[in-house]
Amino acid sequence: MKKTINLIIFVSIVLLSNIVLFAQVSTNQLKIEGLKQEVIVRRDGRGIPYIEAKNEEDLYFAQGFITAQDRLFQMDMLRRVPRGETAEIYGKAVLEEDKRWRKFGFTKIVEIAYNNSSPQFKLAFDNYAKGVNAYIATLDAKTMPVEYQILQFKPRTWLPTDSMILGKVLTDGLSTTWQNDLMRANFQKILSPEKYKDVTSGVTPYDVILFGKDVAKVESQKSKVGSKVEVSDKDLQMAENEAKVRQSSLERIGFYAEELAASNNWVISGKRTADGKPILANDPHLPPTAPGIWYLTHLSTPNLRISGVTVPGAPGIILGHNDSIAWGATNVGPDVQDLYLETFNAEGKYKTPNGWETPKIRKEEIKVRKVLTSTETETISVDVVETRNGVIYTEDGGNKFALKWTALEPKNQEFEAFYLLNRAKNWEDFKNALKSYGGATQNFVYADVKGNIGWVAGGRIPLRKTGDGSLPYDGSTNDGEWTGYIPFEQLPQLYNPANGLIVTANQRIVGTDYKYPQMSRDTALPWRARRILTLLDVKEKITMDKVGETQFDVFNFPLVDLAKDMLKLNALSPETTRILTDWNGRMSPDSQGALWVNEIRNCITNKIVADNKNLPAFVVRERLLWWIVKEKTARWLPKQFADYSALIKTCDGETQESLNKRYGNDKSKMIWGSVFPARFPHPLAVAPLIGAQFATPNIGINGSGQTPNVGSNVSMRHIASPGNWDATRHVIPLGESGNPRSSHWKDQFEFWSSGKSPVFPFTPKAVEAATKETWVLQPM
């Protein structure tokens, strides 16, 4: 018996020793030319890199090297798109996309911006580029990322301006609104004054206003400068064609933000939280792609410690926290683009207040791959026409419009503000950083270790000589001349508000009494903001768990109201009545009610659009439908129906017929998850034979466009409590790696899809405890 016990003890000791042995962190060394001193790179169980350097030059060098190690092909595409260089890889199929980007001339613009940047900023971008190139130098035909092997090309040298030009992708995705100017001008022509007011008014009873208040409007939209420009069908076709090209291009890299995207952030004062510390939350909503648009990173030197996400290819941290403050961002949606109808004569000159002038002709040379089986290219020359107002957009036989845009001004660059935010220690540093921000205007929320919270709508929003840019201008006059930008001090902002809660979700943030109406013209309706406020503006003390539940919430305000309004009309079939009565208002993948009410909503939208030609479906669906059924307004009732009961009854019948046909009368498939799956496309996923390796989860998930959780478009979730940094939670939808063969290709999906965001450690002790692998990078 004693021998048996001794044997068990011996075996146990051996097993425990092996467990300890195998649990030890693996340490590797790598010599790299270009480093000044040793850099330690730790990776945790999710493959997140924690880069520790002794100086900033090595920090950014190592960040470039490590990010390229995980995401090089994605980085390459992110720089090629705004440079208009994708046809060199994909051929003529994407030539129109390249032509679009070449119009803007971003390559030259970022060169000027780089040359005008501060020495410290240049140092970061220069060393990041050196790190990327050091990694590229390690690659051969066998170790090259699989996309390069498939497409048969190699990455060229990375430039500091390649990192800077990524900012133009963000700005294009989040601030393109010029088509709305044409749309509003057309609305004036096709809609009655009452209907015009309906589609252009952004005021609702559900609004979550942060700055100012609503007052009665005196001036109507029709009286504003620009309304005299006549918009033709060809102009609308030009805008539609351009929108399709833009969508295709941005979707390729995961940054097509329909209607300027949807995102949530909020910040809660410590007086509302369980532990007395503020809580900041942020979940940007961007198009899903594989890999995702964000890359989790932790960076540290003796004088700097920051963590969060960045866009692969951009140095530093874009959204996250340092050891003093946390920050987040959502899109505001102000009007920063104007159209000018230019008058050209037979000689090719255009009219100005000072007479006829010759436009600038810029020649762009685009390399186009002849066939995908060969790397041989041909060069196509494109002439870009520019007037004093901007680059020309036109359709054959249509008007010629010049586009003016803040992104085309080199001083309005996107990244220097984030360089400064990474180093901010307090509210004043935070505001000073944002004074240099020239990208798409954002709701920047703030919290610090001293318990302060705040918000600034940061960006450069143009002031016009006359009008507010809501409609096209006559380019032959100076009416639409830009006279400056809204002064930073007059931008909406709050610091430690009395109620201790700030919520932004792309909603209208300013009241109608705000001096500059262009601030909140193209905003989202307030459904997400209202729901978030309802969940958080409560007596109970808020915890990080409660914040996480709010980010994952799927209660749909407008569809619940629509369901109630339809039930009141008693026009629905018994089956639909039962389904909607039993529905809990949540857009869950197993919900039958969610699918049913959404399908009926789409049907009603289509009937109204058919009765109002040239009125986009999204305008009806998002801006009108929530109230016209409730109020049963006669002016929007399609002519073929006697009343709204008849309309609802018809759409109910058509919905049932459509669902039965689609799912073969199988009720088990008639659920929300059938039409709302997880979807993260890779650019090569559709390629025959080779595309399967890029597959990602394709299952029904929670969320919708009107709920805080918007499903696959949730590009990351971040929750931080300043002073409690090791409790920070941060997750991305798939994984850190862009290599489909890596264990970190999609290892975060379960965390993301369940709403259980894992901890992202911050302090040295917590990082050490989380480390699974260590690399020591040494100078050669």
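Which residue of strand 15 is the bridge partner of E386? It is V391. The model that shows this pairing is predicted. The sections below start from the whole chain, then return to this hairpin and move on to other elements.

First, the overall picture. The protein has 780 residues, and a compact globule with that count would have a radius of gyration near 28 Å. The protein has 27 Å, which agrees. Its C-alpha trace spans about 95 × 70 × 60 Å along the principal axes. The secondary structure comprises 22 helices and 26 strands. Buried residues make up 59% of the 780 residues. The accessible surface comes to about 31,400 Å². Carbon and sulfur atoms account for 53% of that surface.

Strand 14, residues 377–387, pairs with strand 15 in the antiparallel sense over two bridges. These two strands form a hairpin with two residues between them. Strand 15 also pairs with strand 16, residues 400–405. Here four bridges join the strands, again antiparallel. I392 stands opposite A402 in strand 16. Strand 15 and strand 16 form a hairpin too, with five residues between the strands. In that hairpin G397 takes a positive phi near 85°.

Next comes strand 17, residues 442–448. Seven of its seven residues are buried. In a regular strand the side chains alternate between the two faces of the sheet. Strand 17 can be read that way: Q442, F444, Y446 and D448 point one way, while N443, V445 and A447 point the other way. Both sets are buried. Strand 17 has antiparallel partners in strand 9 and strand 18. Strand 9, residues 325–331, is joined to strand 17 by seven bridges. Strand 18, residues 453–458, pairs with strand 17 over six bridges. F444 takes part in both pairings: A329 stands opposite F444, and V456 is the bridge partner of F444 in strand 18. Strand 17 and strand 18 form a hairpin with four residues between them. G451 in the turn has a positive phi of about 95°.

At one end of the order, strand 24 (residues 717–720) and strand 25 pair over three bridges. H730 in strand 25 is the bridge partner of H718.

Why is helix 14 described as largely enclosed by the rest of the structure? Eight of its ten residues, 527–536, are buried. They are W527, R528, A529, R531, I532, L533, L535 and L536. These buried residues pack against strand 4, strand 5 and strand 23. They also pack against helix 15, helix 16 and helix 19.

The last stop is a covalent link. A search of the whole structure finds one disulfide. C603 and C651 form it, with their sulfur atoms 2.3 Å apart. The pair links distant parts of the chain, 48 residues apart. C603 sits in helix 18, residues 592–610, and C651 in helix 20, residues 644–663. The torsion about the S-S bond is about -80°, so the disulfide is left-handed. Are its two cysteines buried or exposed? C603 counts as buried at 9% relative accessibility. C651 is buried as well, with a relative accessible area of 0%.

Notes. Residues numbered from 1 in each chain as written. Predicted model: local features only at pLDDT ≥ 70, side-chain atom pairs only at ≥ 80, totals over all residues. Heavy atoms only, no water. Pairing = 2+ DSSP bridges. Buried < 20%, exposed > 50% of the residue type's maximum accessible area, 1.4 Å probe, protein only. Contact = heavy atoms within 4.5 Å. Disulfide = S-S within 2.5 Å. Rg over C-alpha atoms; globule rule 2.2 N^0.38 Å. Areas by Shrake-Rupley, 256 points an atom, 1.4 Å probe, with all protein chains shown as cover.
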